Amino acid sequence: MSHLLILGGGIAGSSLAYLATQTGHAVTLVDAGFESSSSVPSALLNPVRGQGGQVVERGLEGMRFTWSLLENLERQGFAVPHARAGVLRPVPDQKTFERWQGRIPEDLPHRWLEVPDLMGQNVQGQNIQGHWFKVLEVSEGGWLDGNAFTRALREASGARVIRGMAEKWTSKSATLEDGTRLEADGVVWCGGSWGAVRANLTSPHRRGSVLLLEKPLSKIPVSFGIYSAPSARGGVLGATYETPTSLWTPAGLPLKSLEWLLNKAAHTFETLEPEFRGLWTGSRLGGEILCGPRADGSFILSGLGSKGFLLGPLLAQDLLERMGI
Ligand SMILES: Cc1cc2nc3c(=O)[nH]c(=O)nc-3n(C[C@H](O)[C@H](O)[C@H](O)COP(=O)(O)OP(=O)(O)OC[C@H]3O[C@@H](n4cnc5c(N)ncnc54)[C@H](O)[C@@H]3O)c2cc1C
């Protein structure tokens, strides 16, 4: 058994803590406790991304791994609001349909749905506009409550959790802002977008916002540029669309972004009935996914971009194997 020190308790750090303790290791997790993009109220598990319909490498494996962790947590008595009823991806035209068709691998469970079946008045009632050419259903996709999932992983891990900020660290120790010094057999940095400055990372930061709605816009999550999904307390409508910046920025939702978001929503859905309840905003660290050793002998799992819940837990497992602990 060895002792792992994890700095940052979002989906990356909490998955790592959970998986490490499952295999008998002792874990201390230090988390500053704010600006975690993993607190997103509703995150999609969806390996078919963007308007080009690219399929994320290891996306199916990652999605299945995340669902399997969620099932484990439920068996242990943790409640994580979620639904695994698929994700819908509207396809604008025949050309896009053909391009996406060529990209979807055979082993990714999916169906092509006809739009009239998904419009407001009929049986499936997904509230989709009639102008879409077809809709791709990613059958094993779904949504989960990011905050509840991350918290459950952290609690189920039984790790010693310290609320604090790591100022500096080496391969075997970290010093916190209040002067506390912690030692371990291995140190992993998982500080996300907000913490990136202290880790000397140059990856791009991208802020996004999610409108909290009294009810979901659609029963099954819909994603094309924007995304809408059910959530534990109603529904969400959001996207990560602000211009990437070289440093974390505290800005929320500028009005021009709100206009963009609502125009996209009006283009996607037949009605925008649900009432506005609030706003969640977060920043994600993108660029290249960082998963492995650093020059100083410590390790890193970060830069998960918009795939934190799709790939974070799977990469946490990979990292543990690479660390050989
Ligand atoms: C609007 C929006 C929508 C998204 N939707 C999805 C989605 O649908 N599906 C999906 O898979 N992903 C989605 N994402 C991306 C996902 O949220 C992120 O990839 C993921 O949360 C990143 O997790 P993380 O653990 O790397 O970092 P974070 O969740 O940011 O956690 C980092 C933690 O480390 C702490 N910390 C930082 N520095 C230190 C330090 N020095 N000492 C101690 N603690 C520190 C912070 O306080 C924070 O608690 C979305 C992101 C946004 C912004």
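User: Hi! Let's start with G238: is G238 buried or exposed?
Analyst: G238 counts as buried, because its relative accessibility is 0%. Keep in mind that this is a predicted model.

User: Thanks! Which strand is G238 in?
Analyst: You'll find G238 in strand β19, which covers residues 234–239.

User: And how many residues apart in sequence are G238 and G208?
Analyst: They are 30 residues apart in sequence, while their C-alpha atoms lie 7.4 Å from each other in space.

User: What about S209, where is that one?
Analyst: S209 sits in strand β16. With a relative accessibility of 0%, S209 counts as buried.

User: Which side chain does the S209 side chain make a polar contact with?
Analyst: That would be T281, and the polar contact between the two side chains is 3.4 Å.

User: Switching to the ligand now. Which residues come nearest to the ligand?
Analyst: There are 39 residues around the ligand, and those that come nearest are D31, F34, S38, L44 and G305.

User: Which helices and strands supply at least two residues of that shell?
Analyst: Two helices do so, α1 (11–22) and α6 (308–323). The strands are β2 (26–31), β3 (43–45), β16 (205–213) and β20 (276–285).

User: Which one gives the largest share?
Analyst: Helix α6 does, with 3 residues of the shell.

User: How many residues of the shell are nonpolar, polar and charged?
Analyst: The shell has 18 nonpolar residues, 17 polar ones and 4 charged ones.

User: Which strands pair with β9?
Analyst: One is β7 (residues 87–91), which pairs with β9 in the antiparallel sense over 5 bridges. Another is β8 (residues 110–113), also antiparallel, over 4 bridges.

User: Which residues in β9 are the bridge partners of V87 and R111?
Analyst: V87 has V138 as its bridge partner, and R111 has E137.

User: What holds paired strands together in general?
Analyst: Strands of a sheet pair through backbone hydrogen bonds, and the pairing can be parallel or antiparallel.

User: Last one: what is the strand order in the open sheet of 3 strands?
Analyst: The order is β12-β13-β14, and the pairing is antiparallel. β12 (166–169) and β14 (181–183) stand at the edges with a single partner strand each, so one side of each has no neighbour in the sheet. From one strand to the next, the twist averages 25 degrees.

User: How many bridges join β13 to β14?
Analyst: There are 3 bridges between β13 (residues 173–176) and β14, and these strands run antiparallel. T175, for instance, has R181 in β14 as its bridge partner.

Definitions and conventions. Residues are numbered from 1 along each chain as its sequence is written. This is a predicted model: local features need pLDDT of at least 70, side-chain atom pairs count only at pLDDT 80 or more; totals for chains, interfaces and linings use all residues. Side-chain values use heavy atoms; hydrogens and water are left out. Two strands pair if DSSP finds at least two bridges between them. Axes are lines fitted to C-alpha atoms, for helices over the stretch in contact, and angles run from 0 to 180 degrees between N-to-C directions. A residue is near a molecule or strand if one of its heavy atoms lies within 4 Å of it. Ala, Val, Leu, Ile, Met, Phe, Trp, Tyr, Cys and Pro count as nonpolar, Asp, Glu, Lys and Arg as charged, and the others, Gly among them, as polar. Buried means under 20% relative accessible area, exposed over 50%, partly exposed in between (1.4 Å probe, protein chains only). A polar contact is a pair of N or O atoms within 3.5 Å; within protein, one must be able to donate a hydrogen and the other to accept it, and residues adjacent in sequence count only if both atoms are side-chain atoms.
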